[in-house]
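Please consult the sequence and the model alongside the text.

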Amino acid sequence: MSGFIGLPKDIHKGSLPPGIDRVGEGCKLAASISVYTDLSHKGRGTIELGDHVILMDNVRLVTGDTRVNKEAFIRIGHGVIVNVGCYLSGEGGLVIDDHVLIGPGAKLLSAGHEYSGLPEEISRHGLTYGQIAVGRGAWIGAGAIILEGVTIGKGAIIGAGSVVTKDVASFSIVAGNPARHIKWRNGFGKNSSFYAPILRLLKVIKRLLG
Ligand SMILES: CC(C)(COP(=O)(O)OP(=O)(O)OC[C@H]1O[C@@H](n2cnc3c(N)ncnc32)[C@H](O)[C@@H]1OP(=O)(O)O)[C@@H](O)C(=O)NCCC(=O)NCCS
């Protein structure tokens with residue numbers, strides 16, 4: 001026997017899981033993915049996948065009650081791979097650009113709960129929202145949590161298990177809780193731009209001149 005097991009099968013456009021509005025060519029979606037959305041409010045809270053997207057087992061896509069979550073949507077670009085058990089909330093809007101990798105068990109949370117003042121039960125407060133955007137070619141490590149309102153730059157890396165509370169620059173590698181910049185990707189980032197050697201030379205000259 002040869003080949004792989006444990007990968008999702010091709011999805012046919014005629015048999016889209018309920019709640020997913022559009023898929024591109026060549027997508028593979030596991031039968032166990034689930035969608036939490038409001039089917040009666042078409043046009044709001046759309047969930048769209050580009051070409052060659054892979055959603056592995058037990059991925060959950062959430063736009064919730066789109067009568068309440070008015071900014072809700074999920075847009076996933078081409079060639080994005082979402083590993084097993086991820087929770088993708090688009091309640092406050094979620095854009096995942098092309099060729100992003102999302103490791104197993106990651107959670108992207110674009111909504112939370114209001115908590116100031118009364119009533120004391122959080123469940124009786126409204127929601128808070130903040131769109132999440134993940135730039136082209138970024139990699140989100142296993143178990144990472146991305147909080148509402150965060151933008152992750154293109155090509156950035158989020159270490160496994162990190163909790164990302166602030167924007168992440170393009171090509172930055174961040175890790176920890178709260179996630180902090182640990183280094184730039186080799187060949188990218190602040191110290192490797194076209195102008196970097198010139199800037200370094202200017203610094204040396206400035207120092208020599210006093
Ligand atoms: C972020 C990552 C890519 C960095 O790898 P790396 O370049 O080899 O980094 P290093 O091992 O040199 O680590 C640099 C520093 O960051 C720390 N660090 C690295 N990853 C970390 C993480 N996920 N959380 C907290 N700290 C981390 C290291 O302890 C080290 O700290 P030190 O300088 O105090 O010793 C890697 O650690 C990681 O988290 N990969 C994700 C793996 C994964 O999710 N796989 C699933 C497949 S989709």
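A residue is termed buried if 20 or more other C-beta atoms lie within 10 Å of its own, exposed if 12 or fewer, and partly exposed in between, with C-beta atoms placed from the backbone. The model is predicted: local features need pLDDT of at least 70, side-chain atom pairs count only at pLDDT 80 or more, and totals for chains, interfaces and linings use all residues. Residue numbers start from 1 along each chain as its sequence is written.

**Overall architecture**

The chain has 210 residues, of which 34% count as buried. Its C-alpha trace spans about 70 × 60 × 30 Å along the principal axes. The secondary structure amounts to 1 helix and 21 strands; these are DSSP runs numbered from the N terminus, helices being H or I of at least four residues and strands E of at least two. Two residues are in contact if their C-beta atoms, placed from the backbone, lie within 7 Å. Among contacts between residues at least 6 apart in sequence, 39% join residues at least 24 apart.

Strands are taken to pair if DSSP finds at least two bridges between them. V62 has S89 of β8 as its bridge partner.

Another open sheet, also with parallel pairing, contains 5 strands in the order β3-β6-β9-β14-β17. β14 (residues 132-134) pairs with β17 in the parallel sense over 2 bridges, and V134 has I152 of β17 as its bridge partner.

**The region of β18, β20 and β21**

β18 and β20 pair in the parallel sense over 2 bridges, with I158 standing opposite V174 in β20. On β20 (residues 172-175), a further pairing with β21 (residues 180-184) is antiparallel and comprises 4 bridges; S172 stands opposite W184 in β21. β20 and β21 form a hairpin with 4 residues between them, and G176 in the turn has a positive phi of about 100°.

**Packing and core**

Which residues have the most contacts inside the largest nonpolar core? They are V59, L88, I140, I146, I152, I158 and V164, in a core of 49 residues. Such a core is a set of buried Ala, Val, Leu, Ile, Met, Phe, Trp, Tyr and Cys residues joined through C-beta atoms within 7 Å. Apart from neighbours within four places in sequence, L88 is in contact with V59, R60, L61, V62, I74, L94 and L108.

I157 lies in β18 (residues 157-158). This residue is buried because 22 other C-beta atoms lie within 10 Å. Beyond neighbours within four places in sequence, I157 is in contact with W139, I173 and R185. R75, found in β6 (residues 74-76), is partly exposed because 17 other C-beta atoms lie within 10 Å. Residues up to four places away in sequence aside, R75 touches E48 and V95. Two C-alpha to C-alpha distances complete the description of these residues.

| Residue pair | Separation in sequence | C-alpha to C-alpha distance |
|---|---|---|
| I157 and A169 | 12 residues | 9.7 Å |
| R75 and A133 | 58 residues | 9.6 Å |

**Surroundings of the ligand**

There are 14 residues around the ligand, and G103, G141, A142, G159 and A175 come nearest. A residue is near a molecule or strand if its C-beta atom, placed from the backbone, lies within 6 Å of it. The shell divides into 7 nonpolar, 7 polar and no charged residues. In this division Ala, Val, Leu, Ile, Met, Phe, Trp, Tyr, Cys and Pro count as nonpolar, Asp, Glu, Lys and Arg as charged, and the others, Gly among them, as polar.
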